Amino acid sequence: MVHDAHGAARAEDSGPTGLRLAPGQSSPTPGPDEDLPRDRTQAILEATKQVAALLKQKEHRFALAGSVAAYGHGVSGRLQHDVDFCVLREDADAVAATLREGGLTVHHAPEDWLLKARCLGQSVDIIFELADRPVTAELLARAWELPVDSVRMPVLSPTDLLVSLLKAFSEHHCDFGAVLPIARSLREKVDWQEVRRTCGDRPMPAAFLFLLERLDVIDAESGQRAESPKEQP
């Protein structure tokens with residue numbers, strides 16, 4: 001998920017815990033593991049495509065987020081965690097019904113900003129808030145229509161994706177290493193002024209932006225490159 005880290009990194013889970021079934025949802029019958037892709041990245045992509053297809057069929061408003069959104073924008077690397085989809089809070093019940101009709105198990109999480117589902121053995125987060133910001137129609141309207149492993153779907157814009165990842169940094173979860181390759185890959189597509197305006201006043205995002213400046217990934221805010229300290233003779 002991306003609410004407390006944008007989906008950049010977290011320990012793998014073996015299934016939902018501390019959750020309850022959504023109303024009208026019966027306990028699932030486990031499917032054969034041999035039907036699942038052996039590669040974790042491909043398993044996550046297959047789950048992504050299946051959920052997106054269900055949402056598209058019923059014309060739900062949504063956008064792919066998190067590490068799989070970065071993959072959709074061309075960021076290379078292995079996918080190791082869950083799938084994140086942004087939807088409007090007012091659409092959550094209808095989205096849950098669509099996923100249940102498609103054979104997925106849908107759970108209410110203890111947090112009130114998402115639903116959890118399981119698809120092809122993978123965890124799927126249906127998110128109503130993205131790093132403490134409500135998902136809005138404007139956010140979804142800015143999404144880019146991209147092919148994700150051959151299936152076209154709305155994907156968070158590069159700027160919104162970086163904002164969501166940086167705003168999720170905190171004293172308790174601040175994995176710069178997971179987000180750095182995403183920032184490097186998308187740097188030409190991101191409105192860095194908007195990123196600074198939206199989250200640059202927070203300590204952890206500000207520190208990450210300074211790191212990007214020192215690595216020459218982005219320009220310094222003043223328009224001048226940050227100078228490296230001179231070597232002592």
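Predicted model: local features only at pLDDT ≥ 70, side-chain atom pairs only at ≥ 80, totals over all residues.
Which residues in helix 5 meet which residues in helix 6? On the helix 5 side, the residues are Pro158, Leu161, Leu162, Leu165 and Leu166. On the helix 6 side, they are Val179, Ile182, Ala183 and Leu186. The residues of this contact divide into 9 nonpolar, no polar and no charged.

The chain has 233 residues, and buried residues make up 48% of them. It holds 8 helices and 10 strands. If we take the contacts between residues at least 6 apart in sequence, 68% of them join residues at least 24 apart.

Let us now look at the geometry of the helix pairs. Helix 5 packs with helix 6, which spans residues 176–186, at an angle of about 160 degrees. The axes of helix 5 and helix 6 are 11 Å apart. An angle over 145 degrees counts as roughly antiparallel, and helix 5 and helix 6 are therefore roughly antiparallel to each other. Their crossing is left-handed.

Helix 6 also packs with helix 8, residues 203–214, at an angle of about 50 degrees, and here the axes are 11 Å apart. That angle makes helix 6 oblique to helix 8. The crossing of helix 6 and helix 8 is right-handed. From helix 6, the contact is made by Phe176, Val179, Leu180 and Ala183. From helix 8, the contributors are Met204, Ala207, Phe208, Leu211 and Leu212. For the contact of helix 6 with helix 8, the division is 9 nonpolar, no polar and no charged.

I turn next to the charged side chains. How many salt bridges does the count come to? The total is 10 salt bridges.

Glutamate 101 lies in helix 3, residues 92–101, while lysine 58 lies in the loop between helix 1 (40–57) and strand 2 (63–65), so the bridge ties together parts that are 43 residues apart in sequence. Lysine 58, at 45%, counts as partly exposed.

Another salt bridge joins glutamate 129 to arginine 89, and their closest N and O atoms are 3.5 Å apart. Glutamate 129 belongs to strand 7, residues 129–130, and arginine 89 to the loop between strand 3 (83–86) and helix 3, so parts 40 residues apart in sequence are tied together. Arginine 89 has a relative accessibility of 40% and counts as partly exposed.

The next pair brings us back to helix 5. Aspartate 160 forms a salt bridge with arginine 142, and the closest N and O atoms are 2.9 Å apart. Aspartate 160 is in helix 5, residues 158–167, and arginine 142 is in the loop between helix 4 (137–141) and strand 9 (144–148), so this pair ties together parts that are 18 residues apart in sequence. Aspartate 160 counts as buried at 6% relative accessibility, whereas arginine 142 counts as partly exposed at 40%. As for the network, salt bridges that share partners join Glu46, Lys49 and Asp149 into one.

Where is lysine 189 placed? Lysine 189 sits in the loop between helix 6 and helix 7, the latter covering residues 192–199. At 39% relative accessibility, lysine 189 counts as partly exposed. Not counting residues up to four places away in sequence, lysine 189 touches His73, Trp144, Pro158 and Thr159. Lysine 189 and histidine 73 are 116 residues apart in sequence, and their C-alpha atoms are 9.6 Å apart in space.

The other residue is histidine 60, in the loop between helix 1 and strand 2. Its relative accessible area is 15%, and values under 20% count as buried, so histidine 60 is buried. Which residues is histidine 60 in contact with, leaving aside its neighbours within four places in sequence? They are Leu55, Ala94, Val95 and Thr98.

Technical notes:
Residues numbered from 1 in each chain as written. Heavy atoms only, no water. Salt bridge = Lys/Arg side-chain N within 4 Å of Asp/Glu carboxyl O. Helix = DSSP H or I, 4+ residues; strand = E, 2+ residues; numbered from the N terminus. Buried < 20%, exposed > 50% of the residue type's maximum accessible area, 1.4 Å probe, protein only. Axes fitted to C-alpha atoms, helices over the stretch in contact; angles between N-to-C directions. Parallel < 35°, antiparallel > 145°, perpendicular 65-115°, else oblique. Left-handed = near helix turned anticlockwise from the far one by under 90°. Contact = heavy atoms within 4.5 Å. Nonpolar A, V, L, I, M, F, W, Y, C, P; charged D, E, K, R; others polar.
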